[in-house]
Amino acid sequence: MSGPNIHILREDEVDRRREAGLVTLLDQCFPGFFEGRTFFKQLPHFRLIAEEHDEIIGQAGVDHRMIKVGDQSLRVFGMIDVCVAEAHRNRGIAGAMLQKAEELAKRADVDFMVLIADKGGLYLKHGFRHVSPAPGKWLAIHELASIMLLEKDLPEYFMIKPVGDKTWAEGQIDMMGYLF
């Protein structure tokens with residue numbers, strides 16, 4: 001038996017069937033956060049969707065954008081809401097989606113993959129590392145509205161993975177948008 005199919009879909013390619021599957025998956029994996037939506041703060045640029053027998057069993061949103069760290073401008077893939085349905089966990093599905101995202105990041109000349117994770121074990125296993133508490137700046141979004149520009153230390157669960165040959169600099173991290 002082979003593993004699930006992992007599809008790469010731009011957000012505008014997510015049809016109604018997959019949208020319904022994403023709502024179900026995200027509501028199950030993140031109770032109380034998505035409230036029937038396919039996104040928490042903002043739609044991703046594209047998604048990696050793991051499907052088995054036409055059922056969505058995993059997803060990872062990806063934001064492809066620029067951030068600034070100190071004086072250095074970086075191209076990043078921001079990994080958003082990586083999750084796998086409980087019944088399908090511990091089969092390597094999340095790792096396969098991360099690996100696929102890294103392959104795409106290399107082709108897109110991305111410098112780093114970045115994410116926020118309160119449980120970092122999976123990501124540490126796949127080459128991510130924590131960034132020491134650093135001053136950050138990002139757009140705060142609450143209840144589907146921009147509320148303010150926040151400037152404070154990024155949470156300790158901010159993680160990065162080098163994809164290109166650049167070194168992560170010291171200094172303020174300007175997300176140039178919302179926090180993933």
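Because the model is predicted, local features are reported only at a pLDDT of at least 70 and side-chain atom pairs only at pLDDT 80 or more, while totals for chains, interfaces and linings use all residues. Numbering starts from 1 along each chain as its sequence is written, and side-chain values rest on heavy atoms, with hydrogens and water left out.

Confidence comes first. On the pLDDT scale (the predictor's confidence in each residue, from 0 to 100), the chain averages 94, and 99% of the residues score at least 70. Helix α2 (residues 93-107) has the highest confidence, at 98, and strand β6 (residues 129-130) the lowest, at a mean of 93.

As for the layout, the chain carries three helices and ten strands. Both kinds of element are DSSP runs numbered from the N terminus, with helices being H or I over at least four residues and strands being E over at least two. Going along the sequence, the order is β-α-β-β-β-α-β-α-β-β-β-β-β.

The radius of gyration, taken over C-alpha atoms, is judged here against a globule rule of 2.2 Å times the number of residues to the power 0.38. For 180 residues that rule puts a compact globule near 16 Å, and the chain agrees, at 16 Å. Along the principal axes, the C-alpha atoms fill a box of roughly 45 × 35 × 30 Å. Of the contacts (heavy atoms within 4.5 Å) with a separation of 6 or more, 67% link residues 24 or more positions apart.

Charged side chains number 22 positive and 27 negative, and the centres of the two sets lie 3 Å apart. Lys and Arg count as positive and Asp and Glu as negative, leaving out His and the chain ends; each charge is placed at NZ of Lys, CZ of Arg, CG of Asp or CD of Glu.

Aspartate 81, in strand β4 (residues 72-84), has a positive phi near 50 degrees despite not being glycine, and is partly exposed at 22% relative accessible area. Aspartate 109 sits in the loop between α2 and β5 (112-116). Its phi is also positive, near 60 degrees, and at 55% relative accessibility aspartate 109 counts as exposed.

Terms used. Buried < 20%, exposed > 50% of the residue type's maximum accessible area, 1.4 Å probe, protein only.
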